[in-house]
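Here is a short report on selected parts of one structure. Please keep the sequence and the 3D view open while reading.

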Amino acid sequence: MENQNLMLYKLIILYMLDRTDEYTITNAQITDFILDRGYTSLFNIHESISELIDKEFISVTTIRNTQHYQITNLGEEALLYFENRISNTIKQEIRDYFKKERINLKNESEIIADYTLNESNEYTVECAIKERRETLINIKMTVPTKDLARSICDNWRTRSTDVYQTLVNELWTKN
């Protein structure tokens, strides 16, 4: 019985990721959805995600200590075979969740900022805007302190559109 339940949790996760093909969703978003509805425990969610990664049904990217998941072709194929094991009620709850949260989910994955310590003991900051899996802008810069790197990443979420527009306007204009 436990294996059947774990399979259902994995299918729920795959179904969620399959509905977000334009962007990724985070571990917290998956966990919040499943826990809020009382489907299972945090332990079972993490076990399911771990097994999906191990079997290469989902891919994971870590950005500023936040894991972002995306379904792989192998995951899409598995879901195609077993999707009928997810009740229509659960599928509708997932669709309703994404309809309600679409803007928040999309904004969280399309505006990306992260920093790493480089060989010079400075911080490389990378800021990007992605739209439908295409990169609109990707800026890398080196800054001297972790606080400055953190500040740039934090400000990128609210100011990225302005920065992008300014760059386009400045580079488009002829001297």
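Predicted model: local features only at pLDDT ≥ 70, side-chain atom pairs only at ≥ 80, totals over all residues.

In it, 3 strands make an open sheet, ordered β4-β5-β6, with antiparallel pairing. Strands β4 (111-117) and β6 (134-143) are the edges, and each pairs on one side only. Direction ignored, neighbouring strands of this sheet are turned against each other by 15 degrees on average.

Strand β5 covers residues 123-131 and runs antiparallel to β6, joined to β6 by 9 bridges.

## The cysteines

How many disulfides does a search of the whole structure find? The search finds 0. Cys127 is in no disulfide, and the nearest cysteine sulfur belongs to Cys153, 5.3 Å away. A disulfide is a covalent bond between the sulfur atoms of two cysteines.

Buried here means under 20%.

## Helix α2

Helix α2 spans residues 27-36, and Asn27 is part of that helix. Which residues of α2 are buried? They are Asn27, Gln29, Ile30, Thr31, Phe33 and Ile34. Just after α2 comes Gly38, with a positive phi of about 70 degrees.

Gln29 also sits in α2. The relative accessible area of Gln29 is 9%, so Gln29 counts as buried. A polar atom of the Gln29 side chain lies 2.7 Å from the backbone nitrogen of Thr26.

## Asn27 and Tyr69

Asn27 has 14% relative accessibility and therefore counts as buried. Leaving out residues up to four places away in sequence, Asn27 touches His46, Ile49, Gln67 and Tyr69. What joins the side chains of Asn27 and Tyr69? The link is a polar contact of 3.0 Å.

Tyr69 belongs to strand β3, residues 66-71. This tyrosine is buried, because the relative accessible area of Tyr69 is 2%. With residues up to four places away in sequence left out, Tyr69 touches a list of residues that includes Leu17, Thr24, Ile25 and Thr26. Among the others are Ile30, Ile49, Ile53, Ile58, Ser59 and Val60.

Two residues on that list return from the sections above. Ile30 is one of the buried residues of α2 and touches Tyr69. Thr26, whose backbone nitrogen lies 2.7 Å from a polar atom of the Gln29 side chain, also touches Tyr69. Ile49 touches Asn27 and Tyr69 as well.

How far apart are the C-alpha atoms of Tyr69 and Ile53? They are separated by 9.2 Å, with the two residues 16 apart along the chain. Ile53 is one of the residues that Tyr69 touches.

Terms used: Residues numbered from 1 in each chain as written. Heavy atoms only, no water. Helix = DSSP H or I, 4+ residues; strand = E, 2+ residues; numbered from the N terminus. Buried < 20%, exposed > 50% of the residue type's maximum accessible area, 1.4 Å probe, protein only. Polar contact = N/O pair within 3.5 Å; in protein donor to acceptor, adjacent residues only side chain to side chain. Contact = heavy atoms within 4.5 Å. Disulfide = S-S within 2.5 Å. Pairing = 2+ DSSP bridges. Axes fitted to C-alpha atoms, helices over the stretch in contact; angles between N-to-C directions.
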